[in-house]
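Biologist: I would like to learn how to read a few features of a structure. Could you take me through them one by one?

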Amino acid sequence: MIKTERILHLKSSRGGKVRVVREHYLRERVPCCSSLCRHGCDNEGKVLPGDLTHYVVPDVGVVVDYLEILEFTELQGIVFTQTACQAVQHSKGRRQYNRLRSLLKDPRHDCVLFTNEFQEQAYCPREKGESQEEWQARCVYSAAVWYYNHLAGAMNVVMITEKQDTVAQYSCLNSGVFVITLQDYLRDFWPALQAARELHVSICQALQEKESESSQKEFAEHLPAEVLEAGIKSGRYVKGTVQVSKHCNEAVVMTDGSSSKDSDLTSGVLVCGGKHRNRATHGDVVAVELLPKSEWRGKATALSEGQAEERSSEGSGTTPTGRVVGVLQRNWRDYVVTFPARDASQSQGRNSQRILAVPWDRRIPKIRISTQQADVLQEHRVVVRIDSWESTSLYPNGHSVRVLGRAGELETEIQTILIENSIHVAPFSDAQLREMPVNSPERPWKVDPAQVASRRDLRDTHLVFSIDPLGCEDVDDTLSVRSLAGGTLLELGVHIADVSHFVAEGSLTDLEARSRATTYYLADRRYDMLPAVLSADLCSLLGGVDRYAASVMWQLDAGSLAVRDVWFGRTLIRSSYQLHYQQAQALLLGEGPVHVAELAELQPEAQDAKLAELTQALETLTRIARHLRAQRDRGGALELEGVEVRAQLDQEKNITALVPRQPLEVHETVAECMIYANHWVARKIQEAFPHQALLRRHPPPRQEFFSQLVDSAEIRGFRMDTRSNKALAESLDQAEDPEDPLVNRLLRMMATSAMSQAVYFATGLQSQDQFYHYGLALDRYTHFTSPIRRYADIIVHRLLSAAIEADKGAGHSRPLASIKELEDTAHHINQKNRAAQEAQKLSTQLFQCLYFRERDPQTGPSYVANGIIYGIKNNGLLVFVPEYGLKAPAYLKNREGQVVAASPDGSCDWQSGSVRQQPGSITTSSSCGSSTFSLFDHITVRISVKSTPFHADAVKLEVISNKPRPSAEARPQPARSAQGRSQLVQEVVRQVEEAQQQAQEKAARRPKASREEREFGQSKTPNLYSLLEEVRELALLDLDAMARLCATTA
Ligand SMILES: [Zn+2]
């Protein structure tokens, strides 16, 4: 080892420059991370393969400015020098540096780090008079030469740079290393990678524009980081996350609680207008300074575009108001923008190639893009990234990344939804698919004898069956129930697909599943978390085949159903029946004859005996589930109401109907058993690993979010006690209006939107009283029962295995994840879940709009439906349309100053007049007199679609009568009461059955696999699954409330 000195030029905290001399140790041996190494380097972790045509060493400028291009997985054999990485850290900040680090760690990217400044031959000390840039170029070149020599010329080495000087200086030194520009490199080596070349042009232009920026200040400068930090510490500034309103030029900076000792700030600091927001964008972490009290303002309360979702804790006088003084952390992501049509496009002064593109997300400011493709891109949706937002510029500068397609086309819009929610679902890579077990007609998959020996074999002893939606491919869960000890005990079993057996920790499949975190279900397609060979085959607990499972089995007292014993372990099962809900329901109700495909071959008597056995199992299961439910009800479990609709599609993706989702009773039985298994597994892993278990908690809602519910209930004479989940559940049960069952449904909807979101967490970071699941009324809860489509469950399966091993006295085969790692994972999964829910909601809205748009009001029947008022704003109403499960605003006042006036027969039209809001109602006055609209009034609305070129289409409601349609009123409304339920269930069963049979028939006629199935290994079946899945938890997650929550915890 050689000791030398290294001189660093650092910036001091005051902004000056400091010269620091550090001891610097040089080594002979530094890992080269190449599989061609003949020097016995200590190469751990990733190594570059030897079968490439070249290795590429990017210089500092390329790594700093063009990292996005180096992120293409197609580019292989990249050597990042320490010199370049340190330059990123110094000039681009932590965010970009972390990005580079995760790139280096990610096994899907073929790149390594070379610590060139520690290698005695590669290292070059800086010479007198040499500029930093010259020195860096020399260091990188020297590193490239070292590689060439170290590998004895066995691999070509290419150094890439954006500087012509560097090319001129080094390309003719004839050291075996090629030095070329990035542009030439992409053109000559990667001609097929057009996306990378376009991105290069795009970034290049953005960089040039940045240099030619004017100097006139549009915004106050941000304060330096150390001033912000000191100010936050002293209480002068408040730290929080910016949430921009979708509806007006307003933002709220939400404090994270810890930084605000001031309880006034729990609902955030209001920031009005662009100047005070000072270039902070939605999601950024900022420091705000409060304005004097005299300048505080109230939050906007008017109804505006696309609004049907705000939770109300608003509109009460003034609220703390402030201005942004600095940005602590940017939250920029990929944005979808639309390039304006030519006539509307703004010419930015001298340079007509600078276009102001409009982001799809209304919370994001217009982004200035420099492009030569402005004509081609008109009215196209394009993915862009923001590069900078200087104080001299009214808008942020960005560059385009790729073109999605013409706005308004289905594929473009679906891709937009995915990107806007940061969902990346590339096809599974070949390397990953090679990890998969094979199951083909030529090479059928077989149970491994070693596994038979180590697992409890239930194949001959237990009647195992599944109950799922018709046509379900990914069967995560199966059940068994049997009588033991001469009928004094009952044994209930929940057997879950043993996904963790097939997905090794740290494998490519595991990394991809973790990064997706969940299967994404959109209205017309789904993107699986795991490749199809697992999700639809080897992990799917299909009927009649041997499968590995992870099981929980309880021994219950046959009379009291008290738990006598519980067993956790790995099993081998063979499911006897793959039932769908309707079958199970029909068997339970004794509605014959029920066709069970598994019994078709048997003689009638044998069939009857088998059916009787199955029916008895279902009845026992129902009895147990009712008991479990009653137990949770006593603890305060909530029955909530989420509104969801499902678009029924035919093969050409035309929508045939919109069906509101409804739970089935038999589904509750299955759900109850799953909740029970999740609860017991949560207890088991938390007891085994008090600090390192992954659980799921549902925090109690904040009381102020109940104000809408409490006030609305009071109008109908009901008192809501919201002090606990039990009190709330009881008040909701009592709030039944015998005249109008929808009142209870709406109140449950309001309760749902007051809810917090359930989240995964690492037990070590919370005290045990925080573990509580408010909605389910359980002290501990986790997710264990759906490992095929949720990554959290895979982690929980691994934890359960480790706990079982620990019980046996065996040590862990692998160390558990640390608390910090687990919490990071939990945070990541929570984020992805919100994204998945948001994407599902947006795709449903997209299809809703397609449905209502296709009927031209000029020619076809326009959509007129009954609605019920569930919210009052100062210029309109929030209306729920039960027939379509639709919630949307309806204006009572328009921009021309006209108001909706009702004539004596109830029909409404627009007249000039005024509106006045009172508690629980709003009155319009015009020359025809006045009309009052009150909460819970039934009215008639016309449904249409409002299209905008830049954003998603939105459903629009217009009040056409202040009374419901008489014909529809005569129709009995489905009730949620106990008596009404079985009737409702049957009706929904029938509807669903018809729809699903149609879908099945269509699928059967389909000649061959779709493009997605062939290329992506991902299926495209309509999303029938979500109709019945996880009703309880879905009901807790009102999707409308989600938008807000997303922002809070992003
Ligand atoms: Zn080596």
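Biologist: Through how many residues does a hairpin join strand 8 to strand 9?

Modeller: Before that, a word on the model: it is predicted, so local features need pLDDT of at least 70 and side-chain atom pairs count only at pLDDT 80 or more, while totals for chains, interfaces and linings use all residues. Residues are numbered from 1 along each chain as its sequence is written, and side-chain values use heavy atoms, with hydrogens and water left out. Helices (H or I, at least four residues) and strands (E, at least two) are DSSP runs numbered from the N terminus, and two strands pair if DSSP finds at least two bridges between them. Here the hairpin from strand 8 to strand 9 passes through five residues. Strands 8 and 9 (residues 250-255) are antiparallel, with five bridges, and Gly240 faces Thr255.

Biologist: Which residue of strand 11 stands opposite Tyr237?

Modeller: That is Glu289. Strand 11 (residues 285-290) pairs with strand 8 in the antiparallel sense, again over five bridges.

Biologist: Is strand 8 largely enclosed or left open?

Modeller: Buried means under 20% relative accessible area, exposed over 50% and partly exposed in between, with a 1.4 Å probe and protein chains only. In strand 8 (residues 237-244), seven of the eight residues are buried, so the rest of the structure largely encloses this strand.

Biologist: Which atoms coordinate the zinc ion?

Modeller: Donors are N, O and S atoms within 2.8 Å of the metal (3.2 Å for Na, K and Ca); water is not among the atoms, so sites may look incomplete. Here they are SG of Cys32, Cys37 and Cys41, plus NE2 of His150, at 2.0 to 2.3 Å.

Biologist: What arrangement do the four donor atoms make?

Modeller: Four donors count as tetrahedral if all angles lie between 85 and 135 degrees. The angles around this zinc ion are 100 to 116°, which makes the site tetrahedral. Cys37 sits in the loop between strand 2 (17-26) and strand 3 (54-58) and His150 in helix 4 (residues 132-150), so this pair ties together parts 113 residues apart in sequence. Cys37 is buried at 14% relative accessible area, and His150 is buried at 10%.

Biologist: In what order do the strands of the open sheet run?

Modeller: The order of its four strands is 34-35-36-37, with antiparallel pairing. Strand 34 (898-902) and strand 37 (929-934) are the edges, each with a single partner strand, so one side of each has no neighbour in the sheet. Strand 34 is joined to strand 35 (residues 908-918) by five bridges, and Gln898 faces Ser912.

Note on methods
Tetrahedral: all angles 85-135°; square planar, octahedral: opposite > 155°, others 65-115°.
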